[in-house]
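Me: Could you take a close look at one part of this protein for me, the place where a few helices pack against one another? I'd like a connected walk through it, with some background on the chain as a whole.

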Amino acid sequence: MDVLSRVRHPNLVSLIGACPEARALVYEYLPNGSLEEHLTRELTWQVRIRIAAEICSALVFLHSCKPLSLVHGDLKPANILLGSNFVSKISDLGMYRLLVRSSTLYHGTHLRKGAFAYTDPELLSSGEITAKSDVYSFGVILLRLLTGRPAFGVSKVVKEALDMKCLERVLDASAGDWPYVQAEKLAKLGLKCCDMNRRNRPDAKEAWKMLQPLMKSISFARLSPPSSIMLAPESSSCIPSYFICPIFKELMRDPQIAADGFTYEGEAIKGWLSSGKETSPMTNLRLSDCELVPNHALRSAIQGWVQHQN
């Protein structure tokens, strides 16, 4: 409980409190259900890439926690919840496990419903869980975001499509026209992450470095969910999550894109950098540079939203 209350990240469901009488934890409410519910509906390819990046960012954060890393251990679309603007957050925080100095933890192989296809094969055989167990689960999720297909056998389908140079045949058409270059990169990353041998998998930081260029390649204007997806009734009055600065937790007025691909309030990220910090506020990874780029599209969207509220 103490650990969970101190774990804070924009893409992790926040723990609000506890109810001792009911022996229950109380988390924030996200109105659009789980990613599992929307994988068979229309989520544009831009939204899918954004969701992939958000999940990866949260994993980097968990796995780099000090003094002990955290591993989720039950990552799957049913445990990824979507906010009113389809910003994703990893849930089921009670599954987090502290990793000891050896970066491994042994536990029983009892699996929750629907988890088998997302579970690290080496965890099933040895009972040993590591941060790369989460990476395996993430890889399967990537391939599902790409294809919309069930988890079982999806890696085989994608690998065969890549080998036969016909990846476009297995892409989820409901996501729109996937750019082949982005789709191919996502497919290759997904396959690397769900390699049967965990030694061959990238860690979350390496996966993030591969996803970062994909995040930068999509414009904000295309990140909104399709009109065919109904938003929660309260979403029109609630501030969209991506309008909020991850540092100040307030509505942005001068959004600036940093080298990590995330957008921050100008004053906040400039203060972060001027204090001597060289890492991303979102991933804890070292920034490649300290340059900031104004996010004009996001600024226009925020201004339009504010005018609509008035």
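Reply: Happy to. The protein chain has 10 helices and 11 strands, and please keep in mind that this is a predicted model. Of its 310 residues, 52% count as buried. As for how the chain folds back on itself, take the contacts between residues at least 6 apart in sequence: 64% of them join residues at least 24 apart.

Now to the helices. Let's begin with α5, which covers residues 131-147, and α7, which covers residues 180-193. Their axes come within 7 Å and cross at roughly 150°. Angles over 145 degrees count as roughly antiparallel, so α5 and α7 are roughly antiparallel to each other. The crossing in which α5 passes α7 is left-handed.

Which residues meet there? On the α5 side they are V135, Y136, F138, G139, L142, L143 and L146. Facing them from α7 are A183, L186, A187, L189, G190, L191 and C193. By type, the residues of this contact of α5 with α7 comprise 12 nonpolar, two polar and no charged.

Next, follow α7 to its other partner here, helix α8, made up of residues 204-217. The axes of α7 and α8 come within 11 Å and cross at roughly 160°. That angle makes α7 roughly antiparallel to α8. Here too the handedness can be given: α7 passes α8 in a left-handed crossing. From α7, the contact uses Q182, K185, L186, L189, K192 and C193. From α8 come A207, M210, L211, L214 and S217. Sorted by type, the residues of the contact of α7 with α8 are seven nonpolar, two polar and two charged.

The charged count is two in the contact of α7 with α8, while the contact of α5 with α7 has no charged residues.

A search of the whole structure finds zero disulfides. Buried here means under 20% relative accessible area.

Definitions and conventions: Residues numbered from 1 in each chain as written. Predicted model: local features only at pLDDT ≥ 70, side-chain atom pairs only at ≥ 80, totals over all residues. Heavy atoms only, no water. Axes fitted to C-alpha atoms, helices over the stretch in contact; angles between N-to-C directions. Helix = DSSP H or I, 4+ residues; strand = E, 2+ residues; numbered from the N terminus. Parallel < 35°, antiparallel > 145°, perpendicular 65-115°, else oblique. Left-handed = near helix turned anticlockwise from the far one by under 90°. Contact = heavy atoms within 4.5 Å. Nonpolar A, V, L, I, M, F, W, Y, C, P; charged D, E, K, R; others polar. Disulfide = S-S within 2.5 Å. Buried < 20%, exposed > 50% of the residue type's maximum accessible area, 1.4 Å probe, protein only.
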